[in-house]
Amino acid sequence: MNAPTAPGLEFSVRDIVAEPFSAAPQLTARLRIEDGSGDPVHAIVLHCQVRIEPQRRPYDQAEEDGLRGLFGERERWSDTLRPFLWMRCDTTVRGFTGSTETELALPCTYDFDVVGSRYLHALGEDGTVPVSLLFSGTVFARGADGTGLGVRQVPWDREARYELPVAVWRRLIACHFPHSGWIRLDHDLLADLADFRARRGLISWDETVRTLLTASGTDGETHAGATAGALGEGVR
């Protein structure tokens, strides 16, 4: 038998801030939770899906160019510009009656294999990122007389929207990856790249990649294929 849902449970996002001193990139969402049941809440085991809703904001030409790899040409955006999952996160909310505020850690990554990182990287300095937080979980609540412990489910339709300033995300990434980023490469390709660097006597990975990009040309062709060809020539 399924547990009943939690009546009157509402969520809102008061703020999302960057944590500059965390060991890994992290945003923190400050949530307000209101419970209309009137019963003292002992605790909430809260789960959250954070989605980016790209269709809810406009884009300038530079952003459109940067997003082509994700959503295709502008004429396709009516079909491709859809909400996508950014991250999943969890927390435990301490006991309260009526309403409370709590913090939810939002761990971030600058890994370009992650769609959210590629999307955020393509945005300009100004504007916001439309995000939606979808909540689920379990509420442990005592009766109004303070005795007994009941279990309720957070309704699946509980969500909260927020406009995250792009500048907040950029400051977070700049703190952990100043003037840099990283991509993951196949082990064999990385070995070839290291050999190419050694043979050319290049002093840094930046110089190595820049040499390959220069060799590939800037005539509008896709760099990936041309760069792979230049790398193959360099290691033979």
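Me: What makes two strands count as a pair?
Reply: Two strands pair if DSSP finds at least two bridges between them. Keep in mind that the model here is a predicted one.

Me: How do you know that S1 and strand S2 pair?
Reply: Between S1 and strand S2 (residues 26-34) there are eight bridges, in the antiparallel sense. The definition asks for at least two, so S1 and S2 count as paired. Within this region, Asp15 stands opposite Arg30 in S2.

Me: Why are S1 and S5 called edge strands?
Reply: Good one! The three strands form an open sheet in the order S1-S2-S5, with antiparallel pairing. Strand S1 (10-18) and strand S5 (99-107) each pair on one side only, and they are the edge strands. From one strand to the next, the twist averages 25°.

Me: What lies across S1 and S2, and at what angle to S1?
Reply: That is H5, running at about 45° to S1. Helix H5 covers residues 166-176, and His176 belongs to it.

Me: What makes Glu19 a contact of His176?
Reply: Contact means heavy atoms within 4.5 Å. Glu19 is among the contacts of His176 beyond its neighbours within four places in sequence, and so are Pro20, Ser22, Ala23, Ala24 and Pro25. Therefore His176 and Glu19 have heavy atoms within 4.5 Å.

Me: How many of the 236 residues count as buried, as a percentage, and what makes a residue buried?
Reply: In the protein chain, 36% of the 236 residues count as buried. Each of these has under 20% relative accessible area, because that is the cut-off for buried.

Definitions and conventions. Residues are numbered from 1 along each chain as its sequence is written. This is a predicted model: local features need pLDDT of at least 70, side-chain atom pairs count only at pLDDT 80 or more; totals for chains, interfaces and linings use all residues. Side-chain values use heavy atoms; hydrogens and water are left out. Buried means under 20% relative accessible area, exposed over 50%, partly exposed in between (1.4 Å probe, protein chains only). Helices (H or I, at least four residues) and strands (E, at least two) are DSSP runs, numbered from the N terminus. Axes are lines fitted to C-alpha atoms, for helices over the stretch in contact, and angles run from 0 to 180 degrees between N-to-C directions.
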